Amino acid sequence: MALIVFSISTQAANRFWIATTSSNWNSISNWSTISGGAGGASVPGNSDVAIFNNLANGDCNINAAVNVQGFTINGYIGAISQNANTIAIGNAGYSQNAGNFIGGTSDITITASAFTLSGGTYTSTTASLNVGGSQGSATIFNHSAGTFNHNNGLTIFDPQVPGCVAGSYTIDVIPSTAFFNVTISGSQSCGNLAN
């Protein structure tokens, strides 16, 4: 008798946007497993990092709810439009150094990592941008360059500190950063938040 064991990896996989003209998020023909590769990979899911880079600058129209491990915009000069779809981002976080992210009317949630804007333009949602950070991540929101537009939405800083682990969390912004409405909740922590 032979025993065959299958191992399923739970590591995040990269999915690269490869559209060169304006196209929809929810189409496998727009995603590849390698930068600049052929389409046909799965649309990024909850164990994947969605990557937009300078090899394909077609605008991205988000036409379905997004649930990914990470969202990276690196060198991409197109526009990504959220529309009315929710976006959930896991422990690989949100990072943008170029391009144009255009928020829509639904929530954007970064549950277990940081928001980093170092270039390009980020226009937030008119609903809520919830940034959770994670245990041991000192900076949960970092705007060092580029443009952050609040879009009259709510920004929630809600540090995720499972098990009541002590720690301090930083919101690091440049002088031009402006928020419309801010909530600091720390609902996952059993300590105090210091201003």
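Mentor: A nonpolar core is a set of buried Ala, Val, Leu, Ile, Met, Phe, Trp, Tyr and Cys residues joined through side-chain atoms within 4.5 Å; buried means under 20% relative accessible area with a 1.4 Å probe, counting protein chains only. The model is predicted, so local features need pLDDT of at least 70 and side-chain atom pairs pLDDT 80 or more, while totals for chains, interfaces and linings use all residues. Residues are numbered from 1 along each chain as its sequence is written, and side-chain values use heavy atoms, without hydrogens and water.

Trainee: How many residues does the largest nonpolar core have?

Mentor: Strands S4 (48–53) and S6 (66–74) are among those that each supply at least two residues of this core. Trp-25, Phe-52, Phe-71 and Ile-80 are among the residues with the most contacts inside it, and the core has 31 residues.

Trainee: Which Cys residue does Ile-80 touch?

Mentor: Contact means heavy atoms within 4.5 Å. Leaving aside residues up to four places away in sequence, Ile-80 touches Phe-52, Phe-71 and Asn-100, among others, and the Cys residue is Cys-60.

Trainee: Is Ser-124 buried or exposed?

Mentor: Ser-124 is found in the loop between strand S10 (115–123) and strand S11 (128–131), strands being DSSP runs of E with at least two residues, numbered from the N terminus. Beyond four places away in sequence, Ser-124 touches residues including Gly-103, Leu-129 and Phe-148. Its relative accessible area is 2%, so Ser-124 is buried.

Trainee: How many strands does the protein have?

Mentor: Buried residues make up 41% of its 195 residues. The secondary structure comes to zero helices, and the number of strands is 15.

Methods
Helix = DSSP H or I, 4+ residues; strand = E, 2+ residues; numbered from the N terminus. Buried < 20%, exposed > 50% of the residue type's maximum accessible area, 1.4 Å probe, protein only.
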